[in-house]
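Hi everyone, thanks for coming. Let me put the model up and walk you through a couple of spots.

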Amino acid sequence: MGAGHAHRMYRHGHSPVHRLPPHCKLAATFAFVLVVVATPREAYGAFAGYAALLVAVAAVARVPFGFLLRRLLIEIPFVLFAFLLPFFANGERTEVLGVSLSVPGLLGAWNILAKGTLGVAASVLLASTTELRELLLGLQRLRMPPLLVQIASFMIRYADVITAEMGRMRIARESRGFTARGVRQWGVLAKSAGALFIRSYERGERVHLAMVSRGYAGTMPVIDEVTATRAQWATAVALPAAALAVCLMGWWTL
Amino acid sequence: MHVPDGFIDAPVSIGAGAVAAAGVAVSLRGARRELDERTAPLAGLVAAFIFAVQMLNFPVAAGTSGHLLGGALAAILVGPCTGVLCVSVVLLMQGLLFADGGLTALGVNVTDMAITTVVVAYVLFRLLVKVLPRGRRSVTAAAFVAAAASVPAAAAVFTVIYAVGGVTDVPLSKVAGSMIGVHVLIGLGEAAITALTVGSVLAVRPDLVHGARGLERPLELHTRPGTAKAAQDGHGRPEKAAPEAPAAPEAPEAPARHSAPAAPADAGRTTPSGVRDRPQDAKA
């Protein structure tokens, strides 16, 4: 647990976005992405509007744009897929630089790129302004089943521990002269995975016993009940409401 | 294979979300049956394991490498319900914390990567284990087939979802052909790794492999001829004899066999955890 108490995406800060209650932020992000996905792809102006909204949120939250752009790289596999679409999709064809491309395919590629990028950017903004524990509290407030929240919190707490354990096993393998070159080495790697499972499971048993000895009876006590005032909800709803307005404008001008 | 936002249209995303929610709700009930009150910490740690093992790279050839998806492995090791929960939680956290997979596509991702892979793998695995002769090798073979089928099955479900709610008019035969074709290959890799991993767990802690429960032979008590009488007299303290039992079947010089039905098959599971409790793990 030497990795600190915040996840890698979180940026500490005291902006108005950071201070919003987590469940408001979760609900607002989800509603925003849903509006984006429901927008017709031909409404090009609307997507510029969404991007402007996200830029405004990032400015208020003081999240640097370089950070935001770097995190967008996670999309790359689907960008590649999007670039293939114009070559394979049905429909009328058009010539671009001497290459025959499908018009619906181009639109589809644009659709995936625009909506996917906006979705990732919204998630990154949420993750970079919300602490882990807050995120879990917010999920609980939004009526996610408590057992699921507990599983998620254990996973998050121990993900670093288990990953570090895997790293130590890798160092142990390599210090004994092991290098994974191809399929022939899979047996050794799979044995490591098996050992990792046994260690994780046994750690789970020990954690459970430690919790039982401290009075755990199946539920976690809620120490800090997060509540949101009406003003906070209004602030959070501003983002999806503005997005909805942009969306309706897009429909209207279509 | 994390589906981003905008890949599937809004109504179908919401529909898939409802399917995913129903599947997770059923699994929540089932997981309590599989793990009783230990559900939260154990499922959480297994989810952390799935999360970590997805980062373990298996080199294929010439610089390319693959990694485990983990659905089939989770189903076989911890049972179908806990498996669905673990993979779903991993997907949820990847979506929320790392923006890996869209928030509106979460339902699609959970439906095809958590529910489909786990259910297909587990059903196939149980069927094969029942049909094949008993033994460790058949468990490994069943794990191979189950994992090999689970990945193309997920690709097929994704193709169906895409056919209903895909936003681009790509000829379906091309989507299905390329998705399932590629995933048959990925499935073979997944199958090899899953089978090897299950085999290695089976060799060390067979009691931890949920899918192989009821397959291990009941423990037998072996005693040397001279000490047989003493062991039989020790009826009042069976817990002293039980820990010796697992090592005994391999001992060649044990002509006297006393079957000991009193020794529970999973005695090994409950004892070590209590003994090896280390204080630094008491973070909860």
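How much space lies in the second largest cavity? About 40 Å³. Before going on: this is a predicted model, where local features need pLDDT of at least 70 and side-chain atom pairs count only at pLDDT 80 or more, while totals for chains, interfaces and linings use all residues. Residues are numbered from 1 along each chain as its sequence is written, chains are lettered from A and ligands numbered from 1 in the order written, and side-chain values use heavy atoms, without hydrogens and water.

A cavity here is a set of points on a 1 Å grid over the protein atoms alone where a 1.4 Å probe fits but cannot get out, and lining residues have an atom within 4 Å of a point. The search of the whole structure gives two cavities of 30 Å³ or more.

Who lines the second largest one? A:Tyr201, together with B:Glu34, B:Leu35, B:Leu77, B:Val78, B:Leu208, B:His210 and B:Arg213. Two elements of chain B, α1 (10–35) and α3 (71–78), each give two or more residues to that lining; helices are DSSP runs of H or I, at least four residues. By class, the lining has five nonpolar, one polar and two charged residues.

B:Phe144, B:Val145, B:Val184, B:Leu185 and B:Leu188 make a nonpolar patch of about 420 Å². Such patches join nonpolar side chains within 5 Å, from residues with over 30% relative accessible area and no salt bridge. Helix α7(B) gives the most, three residues, and B:Phe144 sits in α6 of chain B.

Conventions
On a 1 Å grid over the protein atoms alone, a cavity is a set of points where a 1.4 Å probe fits but cannot get out, and a pocket is an open set with protein on both sides within 12 Å along at least five of seven lines; lining residues have an atom within 4 Å of a point. Grid points are joined across faces, edges and corners, and a volume is the space filled by probe spheres set on the points. Ala, Val, Leu, Ile, Met, Phe, Trp, Tyr, Cys and Pro count as nonpolar, Asp, Glu, Lys and Arg as charged, and the others, Gly among them, as polar. Patches are made of residues with over 30% relative accessible area and no salt bridge: like charges are joined within 9 Å, nonpolar side chains (Val, Leu, Ile, Met, Phe, Trp, Tyr) within 5 Å. Accessible areas come from the Shrake-Rupley method with a 1.4 Å probe; for residues, only the protein chains shown count as cover. A salt bridge is a side-chain nitrogen of Lys or Arg within 4 Å of a carboxyl oxygen of Asp or Glu.
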